[in-house]
Amino acid sequence: MAGTTGAAEALTDAALPFAPSSLAGSLHARARLVLEDNWQGASTVPSRSLYPHQWSWDSAFVAIGLRHLSPLRAQTELRTLFSAQWDDGRIPHIVFNPAVPHDAYFPSPDFWRSTTAGRPSGAPPAVQTSGIVQPPVHALAVWLTHRADPGLSRTNGFLRRAYPKLVSWHNYLLRHRDLGAGGLVSVVHPWEQGMDNSPCWDPPLSRVTPAPAGSFTRADLAHGAPEDRPTDLDYGRYVKLAMDYRDRGYVDGGGEFAVEDPAFNALLIASEHALGLIETELGIRSAARHARAARLTRALVDRLWDERHGAFLCRDVLTGELIEEHGVASLIPLILPALDEGTARALVGTLCGPRFGLGSSTRLVPSYDLTGACFDPHRYWRGPAWFNVGWLMEHGLRLHGHGELAAALREALLTTAGSSDFAEYVDPYTGEACGAREFSWTAALTLDLLHRSEEAFDDVAHSLRAAAEDSVPH
């Protein structure tokens, strides 16, 4: 398949409007080497040690960085992921490499049993995957990959081949996952939202009886310090939820965990706008697409915005109640072009206030409330700073006119990526590396921040904003 071509192609700089300065050249070369080392011939592993398969939203972020080195390889990354899509439209969160031993990662293919348990939902018969999903960043990644080399994209039919995959993916989320009947998508497992161990999940997880400790063996503790990883109790609950979902044939609804998350829905809205830009490029009317994104934005504000806290909160669908924990997901809707400026200002105030401290107590964006009882600067998603979150917040700050703050965050991300050896995540105060090193999306988003000219970024942002404004009735 396309991966054969991608595997043979060297990662050389594409003809882009901005080249790294000599001062950034070393960082650029090191980031490129990480992506070379983690390339598996048709896709990129997040980390050779801890994550030896293909992950869904990781590959979207990887493609955003790869497009600066090889647009062809970025296209291959996404095509490989889409080839594992289920018939119901879901893009699974893991695509397993059959060459990797099952005991190298848990949960392994024999846990998920996608080819048998997933058959009622249309799992592919010849590819082993997980049965849950991850945040829908993919249409944005497809659009940016196309923009890196439109001529190559058109020659390969990249957009035309990706478009029906993306439509099916978004339709699955909006038709099968509106479990709260309020117009928003629910996640049915903490791993789906991507911020696996966030304290935002603690209240709904508390009603889940964990799988017995002896019924599974964690592989993550062989590669990371236990004090940096989820507890055994939390992991047992994750396993139980996944087992129950599998045993229902991956049919949505009826589980013990269903949460409307602001970050997941914001990324879906941003990708709806990107899908509208793809439709325009393909000569398809995009007004309905942008109108749907506008409706989703209104639903997001109506259901999850909390004026008292100046942030979006998660909603526990099973109780109907907002969860009063402040994870960084509360701030991700800043990426939305149609978000009203009052709400955007309030989000920036929260970002820079005592809960997240950007520009005062921290130079990076912590993953959880600095003042919260559960804050831990090293434990997975309970405080450390992550580079994909920082990249999204830099995007949102610039989009809503906070250029100086965005520039400072961009500089901090680049400096910390280099000093931490492209760590999976870091202490938000000190920048101390945590988790895996030579992490793929850290390297990829470093390349994006190095390469991206302000003009090119502003063009994308302005296109999204104009499309959003066109969708609002006058």
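Begin by selecting helix H18: its buried residues pack against helix H2 (25-37), helix H3 (56-66), S9, helix H16 (387-399) and helix H17 (403-419). Contact here means heavy atoms within 4.5 Å, and buried means under 20% relative accessible area, exposed over 50%, and partly exposed in between (1.4 Å probe, protein chains only). Helices (H or I, at least four residues) and strands (E, at least two) are DSSP runs, numbered from the N terminus.

The model is predicted, so that local features need pLDDT of at least 70 and side-chain atom pairs count only at pLDDT 80 or more, while totals for chains, interfaces and linings use all residues. Residues are numbered from 1 along each chain as its sequence is written, and side-chain values use heavy atoms, with hydrogens and water left out.

**Helix H18**

Colour residues 440-451 by accessibility: twelve of the twelve residues of H18 are buried. Among them are Trp441, Asp448 and His451.

Three strands form an open antiparallel sheet in the order S9-S10-S11. Strand S9 (385-386) and strand S11 (433-434) stand at the edges, each with a single partner strand, so one side of each has no neighbour in the sheet. Two strands pair if DSSP finds at least two bridges between them; S9 and strand S10 (residues 425-426) pair over two bridges.

**The nonpolar core**

Now show the largest nonpolar core, which has 140 residues. Such a core is a set of buried Ala, Val, Leu, Ile, Met, Phe, Trp, Tyr and Cys residues joined through side-chain atoms within 4.5 Å. Helix H13 (residues 262-281) gives the most to this core, with eleven residues. Phe61, Val142, Ile278, Ile332, Val389 and Met393 have the most contacts inside the core. Centre on Val142: leaving aside residues up to four places away in sequence, Val142 touches Leu78, Phe82, Phe158, Leu159, Ala162, Leu166 and Ile278.

**Salt bridges**

A salt bridge is a side-chain nitrogen of Lys or Arg within 4 Å of a carboxyl oxygen of Asp or Glu, and the count comes to 22.

- Glu36 and Arg73: the closest N and O atoms are 3.7 Å apart. Glu36 lies in helix H2 and Arg73 in helix H4 (residues 71-82), 37 residues apart. Glu36 is partly exposed at 32%, whereas Arg73 is buried at 1%.
- Arg177 and Glu192: the closest N and O atoms are 2.7 Å apart. Arg177 is buried at 0%, and Glu192 is buried at 0%.
- Arg207 and Asp316: the N to O distance is 2.9 Å. Arg207 is partly exposed at 30%, whereas Asp316 is buried at 4%.
- Glu272, Glu279, Arg289 and Arg292: these residues are linked in a network of salt bridges.

**Cysteines**

Finally, select Cys200 and Cys314. The sulfur of Cys200 is 4.5 Å from its closest cysteine sulfur, in Cys314, too far for a bond. A disulfide is a pair of cysteine sulfur atoms within 2.5 Å, and a search of the whole structure finds zero. Cys200 is buried at 3%, whereas Cys352 is partly exposed at 29%.
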